[in-house]
Amino acid sequence: MSLMERVCAVADVNDAAVRGATPRKLTVEQLRKDVRVWTSFEAIAAIMVDNPQRARNELRTACRHALAAQKWDALSGVEKRQLTEEMIDVVFGMGPVESLIADESITEIMVNGARSIFYERDGRLHKSDARFDSDEQVRVLIDRIIGPLGRRIDESSPMVDARLPQGHRVNAVIPPIAPDGPHVTIRAFTRRVMTLDEMVRTGSFDAETATFLAWLVVCRKNVVVSGGTGSGKTTLLNALSCCIPTGERIVTIEDSAELKFDEGLHVVRLEARPRNAEGEGEVTIRDLVINALRMRPDRIIVGECRSGEAIDMLQAMNTGHDGSLTTLHANSPEDVVDRMVTMVRYAVDLPVDAIEAQIGNAFDYVVQVSRHADGSRFLSTIAEVVYDRRSRGCSVERVYAAPAPGEGAWIRRPVLLDAVLDGEHASEREVEQWEQQACGALQR
């Protein structure tokens with residue numbers, strides 16, 4: 001069934017009592033029937049391919065002509081405009097989730113078939129009053145998202161990852177692996193770049209910690225941002241990237257392009273690509289890391305290490321690309337080493353001590369982010385990565401810990417402060433003031 005056929009199938013409502021549709025939905029359906037007198041949806045779909053704005057204008061014009069009929073006189077001008085926008089959402093937009101996607105305070109949207117829609121705001125789940133008319137309408141939404149990307153979803157390939165034009169990440173699953181109907185999960189990302197100062201204002205960490213994180217970047221330390229799903233790894237990685245000095249060439253590598261940068265930075269963005277419908281054309285994160293080394297990068301930012309690309313990331317950090325950043329899933333900074341060893345062994349069969357040597361020489365600091373029980377996200381740990389040549393082992397030593405938001409304390413003096421002074425990134429007085437403030441926070 002084509003996308004246009006799906007749209008028409010969703011809109012056809014023969015019996016409101018059987019389908020449980022509201023009078024409002026039936027009014028939208030009646031408008032669809034009246035609009036067909038003035039234009040064909042097939043023609044609008046053809047225009048949409050080359051000129052989306054013109055297609056929307058054509059549909060608005062047809063709606064205006066249809067609503068001018070005497071049968072619609074009972075509706076006010078506001079109601080007619082609302083009907084027109086709802087009609088456009090059905091044909092072009094995201095349907096019932098359109099308003100949720102437009103709301104920048106919402107970070108996750110979960111469509112559980114036609115039955116329910118949930119969203120996350122401030123770390124907490126809420127149930128939306130909106131809903132789809134049928135599972136078929138959810139399939140229309142999925143097709144609309146993945147169609148322009150050249151991807152497919154069907155019984156033989158019932159899972160798909162995609163990205164909306166505004167950068168939101170989308171995952172969809174359909175029967176038979178989702179027996180209760182199609183499910184869509186949309187991870188919404190802010191349309192602007194969040195800085196370290198903004199994260200201080202939201203309570204993720206204090207001003208001293210923000211200064212320390214900025215020093216990590218300007219001193220060209222290799223940093224791993226670790227944490228669980230939804231803990232804010234990408235947000236912090238983006239904030240760290242704002243501290244990169246201008247004049248450096250940055251190559252970013254992501255599964256789905258999510259990072260955002262200021263206009264003045266020299267950024268080359270690379271995005272992985274899955275197999276096409278014929279099972280060909282896949283470009284993995286590992287392929288992109290290898291290729292990035294030939295692109296004269298000053299820094300490499302890998303959105304997330306998940307598998308064999310870990311070995312290439314380590315080699316990049318060990319061959320002159322200082323100041324590189326990456327994220328990975330880990331429950332603690334200590335788990336980062338074990339996770340990296342496991343991922344490297346996906347790609348090559350090396351002794352554990354050889355891998356730990358690579359890790360110890362590549363990573364300088366691990367920054368752990370966590371999600372509190374109340375849904376807030378905060379920086380929970382900063383740790384130094386140290387390699388002991390005598391024991392041939394890699395250790396992680398914590399320098400900062402925060403059991404909860406606003407309860408952070410520095411455990412000991414970070415080695416980074418010496419590099420800050422040696423590189424003249426701050427004056428001796430500034431470093432002394434930082435130490436006094438950090439120690440004062442610890443005493444309190």
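Me: In which sense do β4 and strand β5 (residues 169-173) pair?
Reply: Strands are DSSP runs of E (at least two residues) and helices are runs of H or I (at least four), both numbered from the N terminus. Two strands pair if DSSP finds at least two bridges between them. β4 and β5 are joined over five bridges, and the sense of the pairing is antiparallel.

Me: What pLDDT do local features need?
Reply: Residues are numbered from 1 along each chain as its sequence is written, and side-chain values use heavy atoms, with hydrogens and water left out. The model is predicted: totals for chains, interfaces and linings use all residues, side-chain atom pairs count only at pLDDT 80 or more, and local features need a pLDDT of at least 70.

Me: Which residue in the turn between β4 and β5 has a positive phi?
Reply: The two strands form a hairpin, with five residues between them. In the turn, a positive phi of about 100° belongs to Gly 167.

Me: Which residues make up the covered face of β4?
Reply: In a regular strand the side chains alternate between the two faces of the sheet. Met 159, Asp 161 and Arg 163 form the uncovered face of β4. The covered face consists of Val 160 and Ala 162.

Me: Which strands stand at the edges of the nine-stranded open sheet?
Reply: The order of the sheet is β9-β8-β10-β11-β7-β12-β13-β14-β15, with mixed pairing. Two of these strands each have a single partner, so one side of each is left without a neighbour in the sheet. The edge strands are β9 (266-271) and β15 (409-410).

Me: What is the bridge partner of Val 385 in β14?
Reply: Strands β13 (residues 377-388) and β14 (residues 393-401) run antiparallel and are joined by eight bridges. Within β14, the partner of Val 385 is Val 396.

Me: What is the handedness of the β-α-β unit made by β10, α13 and β11?
Reply: A crossover is right-handed if, with the strands pointing away from the viewer, the path from the first strand over the helix to the second runs clockwise. The unit of β10, α13 and β11 is right-handed.

Me: How many of the nine residues of helix α13 (residues 309-317) are buried?
Reply: Buried means under 20% relative accessible area, exposed over 50%, and partly exposed in between (1.4 Å probe, protein chains only). The buried residues of α13 pack against α12, β10, β11 (325-329), α14 (333-347) and α15 (352-362); among them are Ile 311, Met 313 and Leu 314. Of the nine residues, the number buried is eight.

Me: What distance separates the C-alpha atoms of Val 336 and Val 224?
Reply: Val 336 lies in helix α14, and it counts as buried because its relative accessibility is 1%. Leaving out residues up to four places away in sequence, Val 336 is in contact (heavy atoms within 4.5 Å) with Val 224, Ser 226, Leu 328, Ala 330, Phe 363 and Val 366. Val 336 and Val 224 are 112 residues apart along the chain, and their C-alpha atoms are separated by 8.5 Å.

Me: What percentage of the 444 residues of the protein chain counts as buried?
Reply: The secondary structure of the chain comes to 17 helices and 15 strands. Among contacts with a separation of 6 or more, 55% involve residues 24 or more positions apart. The share of residues that count as buried is 47%.
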